[in-house]
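Trainee: Hi! Could you walk me through this structure while I have it open?
Mentor: Happy to, let's bring it up.

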Amino acid sequence: MDFDVISPKTRTALLEAMDACQDKKYRFGAGYTDLINDLNANPQEDLTVINLAQLQDEVFCNITEDDSGLHIGALVTAAQVLETPYVQTHYPVLWEAANSVASMQIRQTATLAGNICQASPSGDMSCALVALNAVCDIINTRDEMRIEPLADFFRGVKKTSLAKDEVLRSIFIPKNIQPKIKSGYVKIGTRVSMEIAILSVAYHLQADEKNIIAAAGIAIGAVAPTIKYTQTACEFLIGRSLYEIKDVVLENFSSQVLNYATPISDVRASAWYRTTVLENVTKTIFD
Amino acid sequence: MFHVNIFSYICRVFKLTRFRMNKNLKIIGKSTPKLDGKERVTGSAVYGHDIDLPNMLHGMILRTKYPCANIISIDTSAAKALEGVACVITAADVDVNMIGYKRDHPILKSNTVNCNRDEIAAVAATSKEIARKALSLIKVEYEVKQGVYDPFDALLEASPKLNERGKGLEQFGNKNMAESFHYEHGDLEAQKARSKVIVTKRYETSRVTHCCLGTSNITASYSKLDGSLTLWASTQVPFLYQRDIAHALKMDASKIRVLQPIIGGGFGSKLDMHPFEPICALLSIQTGKPVQILYDREEEFLASPTRQPMVIDLTTGADAEGRFTFREVKIVLDNGAYTSWGATTPFVMMQTYSSLYQVPACWFQADAVYTNNPFAGSFRGYGNPQATFSIETNIDLMAKELGIGKDEIRLINANYKGEITGQGLHFKTCGAQPALEKVIAESAYKEKINRGDTGRYRRGIGLASMLHVGGGAKIYRSDGCGTRLKLDHYGYLTIITGSNEIGQGSETILAMIAVEELGIPMDKIKVINTDTDVKPWDVGVHASRTSFVAGNSMLGAVKLIKEKLSKEAMKLLNIDAADFDYKDGSMYSSEKEIKIDKVVREMHFGSNELCVVEYFYEPPSSFQDRKFMGDVSGNYAFASQAIEVEVDTVTGNVKVMDVWVSQDVGRVLNPVGLQGQMEGGIATGIGFALTEEMIYAEGKLINPSFHGYKLLTSMDMPAVHFFPIETYDEAGPYGSKGAGEAPLIPTAAAIANAVADAIGVEFFSLPISAEKVLKALATVKENQLV
Ligand SMILES: Cc1cc2nc3c(=O)[nH]c(=O)nc-3n(C[C@H](O)[C@H](O)[C@H](O)COP(=O)(O)OP(=O)(O)OC[C@H]3O[C@@H](n4cnc5c(N)ncnc54)[C@H](O)[C@@H]3O)c2cc1C
């Protein structure tokens, strides 16, 4: 593995570096936990890596809270997410997803943007963020910003909407609008740690004082080429009481979720297993 | 006559140990950190991967693209022309012998390739990158053939002969039979007739691998000046290895010096010599420069040994009282394309079938069959985990049918002290029953069994026991070990032992023995054990033998050095007779005291003698006869495990909650080391039971990484509650028995029984994956609906 490295320290330097690379093959490197594997599997010649790890830019690096919600910089690591009490109390789904990533060591370096831009159907934090209706903040070499819902950002296995002159700068999670939340991340795998999800379910439900669901986000991972936001299943829940989702209603809900799954069989599990467990797991959310 | 002589010799050592067993011990039995512990945890340990010699080249191997093919042509010209490439070799360039236990394995393959590991060419270059590039430039033309991947297919008349050199037809009546073992005792038909219950099941075990964290590695340095070859190799059997390399390369064995750097995991994987090792030597011989070959993880999965997958057809019986009547078993082992030591695992398995619990009659047949799969090797437990899984599952089924407690049936049939089994194993001490009783009590087995949970999470508990050799195993012409001791002018002791340290902690035991017997402090003891040019002979690390055999050898040497010291000390102290106490670097006799270093100096300068001794120990075991009858080990280890699991019926995942293990170790030598062996063995056993499996499609490994191969991590470890049983066996140092392999042997069996208890479905194939569990639960549900 042989590549050139540019390490911009400021946003301006980053945009200049990107600009200079427009005619070349280049990749971003943040925590490198995906990139190095990628390059090992598909060695590339004449590659430049724009190293984001030394960037000192508030938007890229910090977690900030405002009236509308939470902004998490692209370079925030899974470990930093876990150290943020606001996430733990308001978005348990993200906290649990971050906690399920690999191991303590990997979590120290794995970034949120790396997890998203890798566009793996089994990305844990990505799945949670889709359930949270997160929005991408993307800038280009001319310092122009565009925003896009994360669910739309994913275009296929390892494919995103990011253009060559763009970089993911931060992620925005809208503020909870209801007092009660039911939020969590279920990751199915063989090992307790160091495991890539065989399938996953992220759910973030908000209910009013009377337990009526007013907002619902449910995403499923590793059962389709991209992480899926299960739109109709979410809509199905709106207006229902948290305690009414059982028996036939539960069956109905779970089949709505299953509609979004087109799992494959691979070394780790068969399509049958993924479908069966997805069905079983969705039915446990309201236990 | 030969045996008788050795025997009387051994008896002298016996007396010595018996005497010691009654003494108050200073360090034996007290937790002592491993000698190499500090180096290991601080990262200063020098592994094979860290070796870097002047002008060293990097070797790499080109393996076949197809598991079964004829090779039409090999063109290495472009690789040879690449700058930085020092040499490229193929079978055509070397004059070598076949390797392997049956000498049926060419180091480099020329006409045909027979499994997906097969080595076709090797390069040595100035950097790894250049070596890799050179491999990509070698052109091989193949004629792809349909391979045979199922041993039962290979046994068919219509199957092609899979290993050209196989002698199966002449020796065993089938061209694809690589090895075959038959054993029997007792009157099988009579025992069948008196059985109240007979259970027949087919068991299947998967292919798993050692997953050493240190990947395979070797550095070879050949001197064109004197024709000597130095190998930095991670073998566990250096003297057999030296001979194997010599045979492979048609060299004089004594020209080969084997040095053993610290190794990152053995577990049996380094018992065989593998093709990459003579290949590395050949690259060095051709270039006259040192050459190093290091595997990456993928190559490690692809080309390092595995456990034998087996299909076991087992029938067992018991009478109305639950007493076992017979065992009849037919085993087919997937030998793979070539024959390794792995083909001899039936030798151990037959002991389990014949002698684990009391068995009046046994009929055993095991055939290792060539296929186009990779060849297996030896792996901690050596066939015993597979055998034990089948036996212990059948026991639960028989108990169920008879309406007897699963704990009770085991106690009724437990091995006992003084038992001479049908095969002739003599249990002079035996902790089988106490071990069973201990885990039954500690786990609250009686209260937990048949709980019948019905919710999402269902708990279950399972029992299993095991029998394994505890005092070496006489399979090679000698099962012995040599020791040299040297005391220097400053009172430091150097132990030069033939035995090897591969992480199991045996060198620490030897040092502890020296502290115990000679009163020399730990920090004045050095252990030299890594150089075949220096150390005396030993057969190697296997069969849980090292602390037992090397420990006894050490005790023999200690006796000799004490005689030497006493003689000199008596002279210096002017006394006629004395029985010295050794403490804090001094020797004491009544009121008199003298420092050991002074005695050594006086011995040298006064008597012109060196304080050096040498001793060779051969265990009191005997060879088995042609019918495999005989007392093959110095003593035997027994163990039981009770394991509680929790099955998640939503996902099919099985979580191991607690493991209670009780093992007859004779005597605990180093508690912390022993606990390490327990936990490590159990971890491997859990993986074998639940998650680990090498998955092949038409002979090609499709999960050669830790991503796809589910080795468990420390986060998956349950609590391990360990209760040693001390039976003080006369044969072992201070009464101890070998302990290393035992902890993993009953684990899969106990887990399988626990899962069956939790969900009411038995599993006859490993691993018991989440998917298998979920399928079984779905089937149960369907049947209930019908
Ligand atoms: C042993 C191991 C275990 C793992 N376990 C898990 C797990 O349990 N769950 C899980 O979800 N993942 C897991 N992963 C994958 C990986 O750790 C995560 O996806 C991680 O979040 C990636 O972040 P990174 O900073 O290391 O990304 P990098 O490797 O640096 O980058 C990943 C990709 O994103 C691109 N990229 C990075 N930052 C940006 C940016 N700001 N803008 C545009 N593109 C960008 C890179 O070019 C690259 O293509 C594991 C990886 C390893 C090696």
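**Salt bridges and the interface**

Mentor: Let's start with Arg257(B) and Asp531(B), whose side chains meet in a salt bridge at 2.6 Å, N to O. Keep in mind that this is a predicted model.

Trainee: Where do Arg257(B) and Asp531(B) sit in the chain?

Mentor: Arg257(B) is in strand S11 (residues 256-259) of chain B, and Asp531(B) is in the loop between strand S19 (525-528) and helix H17 (546-573) of chain B. The pair links distant parts of the chain, 274 residues apart.

Trainee: And is Asp531(B) buried or exposed?

Mentor: Asp531(B) is buried, with a relative accessible area of 7%. Arg257(B), at 30%, is partly exposed.

Trainee: How many salt bridges are there over all chains?

Mentor: A search of the whole structure finds 54. One of them joins Glu119(B) to Lys109(B), with the closest N and O atoms 2.6 Å apart. Glu119(B) lies in strand S5 of chain B and Lys109(B) in the loop between S3 and strand S4 (112-113), so the pair ties together parts that are ten residues apart in sequence.

Trainee: How accessible are Glu119(B) and Lys109(B)?

Mentor: Glu119(B) counts as buried at 3% relative accessibility, and Lys109(B) counts as buried at 1%.

Trainee: What about the rest of strand S5 of chain B, buried or exposed?

Mentor: Seven of the seven residues of S5(B), 119-125, are buried, so the strand is largely enclosed by the rest of the structure.

Trainee: Which strands are joined to S5(B)?

Mentor: Strand S1 (residues 57-63) of chain B runs antiparallel to S5(B), with six bridges joining them. Strand S3 (residues 85-90) of chain B is also antiparallel to S5(B), joined by five bridges. To find your place, look for His58(B) opposite Ala125(B), and Val88(B) opposite Val123(B).

Trainee: Nice. Switching to helix H17 of chain B, how are Lys559(B) and Glu563(B) placed there?

Mentor: They are four residues apart in the helix, which means a separation of about one helical turn. Their side chains meet in a salt bridge of 3.5 Å, N to O. Lys559(B) is partly exposed at 32%, and Glu563(B) is partly exposed at 44%.

Trainee: Which residues are linked in a network of salt bridges?

Mentor: Lys448(B), Arg451(B), Asp453(B), Arg459(B), Glu644(B) and Glu646(B) are linked that way.

Trainee: Now the interface. What is the area buried between chain B and chain A?

Mentor: About 1700 Å², with carbon and sulfur atoms giving 63% of that. Val650(B), Lys710(B) and Glu771(B) supply 29% of the area that chain B buries against chain A, more than any other three residues. In terms of contacts, 24 residues of chain B touch 20 residues of chain A.

Trainee: What is the salt bridge count between chain B and chain A?

Mentor: The count is one. Glu195(A) forms a salt bridge with Lys710(B), the closest N and O atoms being 2.4 Å apart.

Trainee: Which part of chain B gives the most to the side touching chain A?

Mentor: Helix H21 (residues 770-785) of chain B does, with five residues. By class, that side of chain B has eleven nonpolar, eight polar and five charged residues.

Trainee: Back to Glu195(A): where does it lie?

Mentor: Glu195(A) is in the loop between strand S11 (180-188) and strand S12 (199-207) of chain A. At 5% relative accessibility, Glu195(A) counts as buried. A polar atom of the Glu195(A) side chain also lies 2.6 Å from the backbone nitrogen of Thr190(A).

Terms used: Residues are numbered from 1 along each chain as its sequence is written. Chains are lettered from A and ligands numbered from 1 in the order in which they are written. This is a predicted model: local features need pLDDT of at least 70, side-chain atom pairs count only at pLDDT 80 or more; totals for chains, interfaces and linings use all residues. Side-chain values use heavy atoms; hydrogens and water are left out. Helices (H or I, at least four residues) and strands (E, at least two) are DSSP runs, numbered from the N terminus. Buried means under 20% relative accessible area, exposed over 50%, partly exposed in between (1.4 Å probe, protein chains only). A polar contact is a pair of N or O atoms within 3.5 Å; within protein, one must be able to donate a hydrogen and the other to accept it, and residues adjacent in sequence count only if both atoms are side-chain atoms. Two strands pair if DSSP finds at least two bridges between them. Contact means heavy atoms within 4.5 Å. Buried area is the accessible area (1.4 Å probe) that two parts lose on being put together, summed over both. A salt bridge is a side-chain nitrogen of Lys or Arg within 4 Å of a carboxyl oxygen of Asp or Glu. Ala, Val, Leu, Ile, Met, Phe, Trp, Tyr, Cys and Pro count as nonpolar, Asp, Glu, Lys and Arg as charged, and the others, Gly among them, as polar.
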